[in-house]
Amino acid sequence: MDLLNTLVDKGLRRELPTREEALAVLATSDDDLLDVVAAAGKVRRHWFGRRVKLNYLVNLKSGLCPEDCSYCSQRLGSEAGILKYTWLKPDEASKAAAAGLAGGAKRVCLVASGRGPTDRDVDRVSQTIKAIKDENEGVEVCACLGLLSDGQAERLRAAGADAYNHNLNTSESTYGDITTTHTYADRVDTVQKAHAAGLSPCSGLIAGMGESDEDLVDVVFSLRELDPDSVPVNFLIPFEGTPLAKEWNLTPQRCLRILAMVRFVCPDVEVRIAGGREVHLRTMQPLALHLANSIFLGDYLTSEGQAGKADLEMIADAGFEVEGADQVTLPEHRAGGGCHEGAGACGSAPADAQPVAGEPRTDLVAVRRRGAGTDLAPNA
Ligand code: SF4
């Protein structure tokens, strides 16, 4: 297909595709899907080989957020039955992080619900970063604390944070439909503050919220302009108790096309499959490793992922390898440089229920009940 040859050439040269080309990837048919994956896979392998970076989420503060992001189980008024707790102590967070690192993760993502941190919160997180770095040489720490005020990014950097995550989530034109308590411009501002302070910027999107193909292309082009080092691609987890609980719009094929489009638009950037991987890609997860070079190990902020051991087996079976702490993630020209996900009540299908193509898979949405904030061992 001419389209795919053009996109591979551009990806290898780090040249921006046109909007039409990006839209055409999303519009490809199921008959062409493997060709699309193979083409985007060439770009992925050119910049990242067969390495898969593992990241581990620690939810420092869960639920009780005053903001109203409609996809989020931690939002104001959420009736999702998630774990709710206030700040973990540095040693508790460090213990949770150690489980992920022992499982092969090289980056720990410290996430806290809320509009943004107070200066006291930045102190707490700084102590947590120190506790984690004292115990684990070479670990990368990413903070994800919401909107930053002036000076906070610099303080986090000075405390040893390597990266900062703040997702754009969706296109500028639809942002007001999913959140009213802050703006798209607020989010852009925080990513820019993090970048300016020397933190490696991490910013991504959530697909499956009812957006159009144009919205998806818009947000990915905006991300390319912001130039983050890593782009998490979330697939909406439609938690019961949130306004988007009924949005089951994604198929595994659609998720693969979205990941391929992100890879073509951001060819040399760490593309991470984030929340919703198990729920929406399901048995197609290994194919997605040909597109993304990074995943989260184990559980998400408020929901359970597949067993960490199953993640590692999947990577090995698909012919990929876990990226070691001594390997540099980004290509040489970039090197030197959310996390929020949607959340609800556990639904479990009867043992003999058979999944039906295109039907909502509420049986795959399980609220996290282990790990950080509980007495149970984490999944890693
Ligand atoms: S995404 Fe973040 S800011 Fe929005 S409701 Fe959830 S925790 Fe709050």
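Close-up 1. Leu-297 is buried, with 30 other C-beta atoms within 10 Å (buried: 20 or more other C-beta atoms, placed from the backbone, within 10 Å of the residue's own). The model is predicted; local features need pLDDT of at least 70, side-chain atom pairs count only at pLDDT 80 or more, and totals for chains, interfaces and linings use all residues. Residues are numbered from 1 along each chain as its sequence is written. The loop between strand S9 (294-296) and helix H13 (308-317) holds Leu-297; helices (H or I, at least four residues) and strands (E, at least two) are DSSP runs numbered from the N terminus. Beyond four places away in sequence, Leu-297 touches residues including Tyr-56, Gly-100, Gly-104 and Ala-380 (contact: C-beta atoms, placed from the backbone, within 7 Å). Tyr-56 is 241 residues from Leu-297 in sequence, yet their C-alpha atoms are 5.5 Å apart.

**Close-up 2. Helix H4 and its cover.** The buried residues of H4 include Ala-93, Ala-97 and Gly-100. Among the elements covering them are strand S1 (51-61), strand S2 (107-112) and helix H5 (119-135). Just after H4, Gly-104 adopts a positive phi of about 115°.

**Close-up 3. Packing of H4 against H5.** The two helices pack at an angle of about 45°, with their axes 8 Å apart (axes: lines fitted to C-alpha atoms over the stretch in contact; angles: 0 to 180 degrees between N-to-C directions). H4 is therefore oblique to H5 (roughly parallel is under 35 degrees, roughly antiparallel over 145, roughly perpendicular 65 to 115, and oblique the rest). Contacting residues include Pro-90 and Asp-91 in H4, and Gln-127 and Glu-135 in H5.

Key
Buried ≥ 20, exposed ≤ 12 C-beta atoms within 10 Å, placed from the backbone. Contact = placed C-beta atoms within 7 Å.
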